[in-house]
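Morning, everyone. I have one structure to walk through today, and I will keep it short.

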Amino acid sequence: MHKRVEEAVADVWSRLDAGPDRAVGLTSDLVRIPSVNPKFQVEPEEGLERQVQELIAGELSGCGLDIRTFDALPGRPNLLAETEASGSPERGLILCGHIDVVPVGDRREWSYDPFCGDIREGKVLGRGTMDMKAGMACCVEALRVIREAGIRLQGKVALHSVVDEEAGGFGAKAMVRAGHLAPAAIIAEPGGDEIFISQGGLEWLRVTIRGRQGHSAYRFTGMYPQPYQENRKAPPISAADMATRFLSALRDYEAANARVKSHPMMPPGINHFGVGAVRIGAGLGADGLPMIMTNPGIVPDVAVIDIDHKFMPHETSADIRADFERFVAHFCATDPWLRENPIEVKWDLYDLHFPPMNTSADHPLVRIVTDRRASLGKPTALRGSIGVTDGAHYAVAGVHPIRYGPFGANQHAADEWADVESIKTTTKVLAAAILDWCGVA
Ligand SMILES: [Zn+2]
């Protein structure tokens, strides 16, 4: 390793050891500003994303960084804080975290105030500690300590503090769309002793099945051959019946996919087709949903099935979409009605789409983080992420992201907390990783 880099790492680590635990304190301060994603329909006083970004900007204000905010969604600012563009573009690095959090849920389930930010028994307490204000605080502190040490890097570091990860990642998408890219990124979502190098892609899609509406009294005419001419006229075709058959076939397709597709970092069967909502009724409304869902006296002609599909990190959206559409086409081909009235598939439901992330285990950034953790006496395991993160939106733009951050517990649940020791370790590792990756001038 370069001598200058080793000296710089020793310098920032001694500064981190000597000073107050600013990353821990900042985690606490960030948690005390509730920033619940407004898409979850919260009270305005709990949706203070802008104030969180202002706090972060204030923390970094003395560091000579170029700090900008811009709205990713109306009234919901992203923050970008960058070092000067020096050295080689190949040595650019993004540190990314989201500042939105999920709602508190039932407050009676909590044993402390969800926005207290208290530090007790080695834990920082509150909604958004683990997911992921602790990780954001580590990024801010790692960058700050390098600037305070007066170290000049040979590559640009950009902190991306984004909104809306919890509801689709539109903050990270806006960053990427604005062209704020680098060869590699660290997504400081919870990691602890694990680096997540891959994650599956996620698609939301809607399947719409059409039947023929009719009086429920004539349902039998669509089911059994009819001897009398009167009963043979255009029998109703139940969308409920076809949806039942389709869901059964989908379950088989899901199982077949689980058996034939695998990825070394992912548990088998993670490539699911989760049916999240089924709505059946009469008449197709302009909103794409059945118009009448309260009258069983009508044989329904519309079934709308919303699906959450996870796919493997090495697969492409185009391939999995084509494969699913083939399955639907074959399903329709086996039914005389559906041959004439094929099932419709609509992708990007609610604009939700997370591309897969598949960073190599041999990527230099993986080795850097692993080695720096080893030098602190910490072992590291490489994993695939079961959930999706903003890493997806960077990966699709050609960035190589890894997910590494402090650990904790109860993310998206009551009594969330982040581990104080892990925050300190992560800050050190991130600071060293910046120096290793970018190099020191
Ligand atoms: Zn998160």
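First, the ground rules. This is a predicted model, so local features need pLDDT of at least 70 and side-chain atom pairs count only at pLDDT 80 or more, while totals for chains, interfaces and linings use all residues. Residues are numbered from 1 along each chain as its sequence is written, and side-chain values use heavy atoms, with hydrogens and water left out.

Now the layout. The protein chain has 13 helices and 21 strands. Those are DSSP runs, numbered from the N terminus: helices are H or I with at least four residues, strands are E with at least two. Along the principal axes, the C-alpha atoms fill a box of roughly 95 × 45 × 35 Å. Of the 441 residues in the protein chain, 55% are buried. Buried here means under 20% relative accessible area, exposed means over 50%, and partly exposed is in between, with a 1.4 Å probe and protein chains only. Next, contacts, meaning heavy atoms within 4.5 Å. Take those between residues at least 6 apart in sequence: 80% join residues at least 24 apart.

On to the domains. Domain 1 covers 3-199 + 356-438, and domain 2 covers 201-353. The bounds come from an automatic or database domain assignment. Taken over C-alpha atoms, the two centres are 40 Å apart.

How much area is buried between domain 1 and domain 2? About 1100 Å², with carbon and sulfur atoms giving 65% of that. Buried area is the accessible area, 1.4 Å probe, that two parts lose on being put together, summed over both. Three residues stand out on the domain 1 side. P356, N358 and I386 supply 40% of the area that domain 1 buries against domain 2, more than any other three residues.

In residue terms, 17 residues of domain 1 are in contact with 17 residues of domain 2. A salt bridge is a side-chain nitrogen of Lys or Arg within 4 Å of a carboxyl oxygen of Asp or Glu. Polar contacts do cross the interface: four residue pairs, both residues at pLDDT 80 or more. That term takes a pair of N or O atoms within 3.5 Å; within protein, one must be able to donate a hydrogen and the other to accept it, and residues adjacent in sequence count only if both atoms are side-chain atoms.

Which elements build the domain 1 side? At least two residues each come from α5 (170-177), β8 (194-199), β17 (357-358) and β18 (381-385). β18 gives the largest share, four residues.

Next, salt bridges across the whole structure. The search finds 36.

One is D21 with K424, closest N and O atoms 3.4 Å apart. This pair links distant parts of the chain, 403 residues apart: D21 is in the loop between α1 (3-18) and α2 (22-31), and K424 is in helix α13 (residues 420-438). D21 is partly exposed at 38% relative accessibility, and K424 is partly exposed at 31%.

Another is E82 with K156, at 3.0 Å, N to O. E82 sits in strand β2 (residues 76-82) and K156 in the loop between α4 (129-148) and β6 (157-162), so the bridge ties together parts 74 residues apart in sequence. Buried or exposed, E82? Buried, with a relative accessible area of 8%. K156 is partly exposed at 29%.

Then E194 with R383, at 2.7 Å between the closest N and O atoms. E194 is in strand β8 and R383 in strand β18, so parts 189 residues apart in sequence are tied together. E194 is partly exposed at 24%, and so is R383 at 38%.

Last, back to α5. Why call α5 largely enclosed by the rest of the structure? Because seven of its eight residues are buried. They are F170, G171, A172, K173, A174, M175 and V176. Their cover includes β1 (66-73), β2, β6, β16 (353-354) and α12 (391-395). After α5 comes G179, with a positive phi near 85 degrees.

That is the tour. Questions, please.
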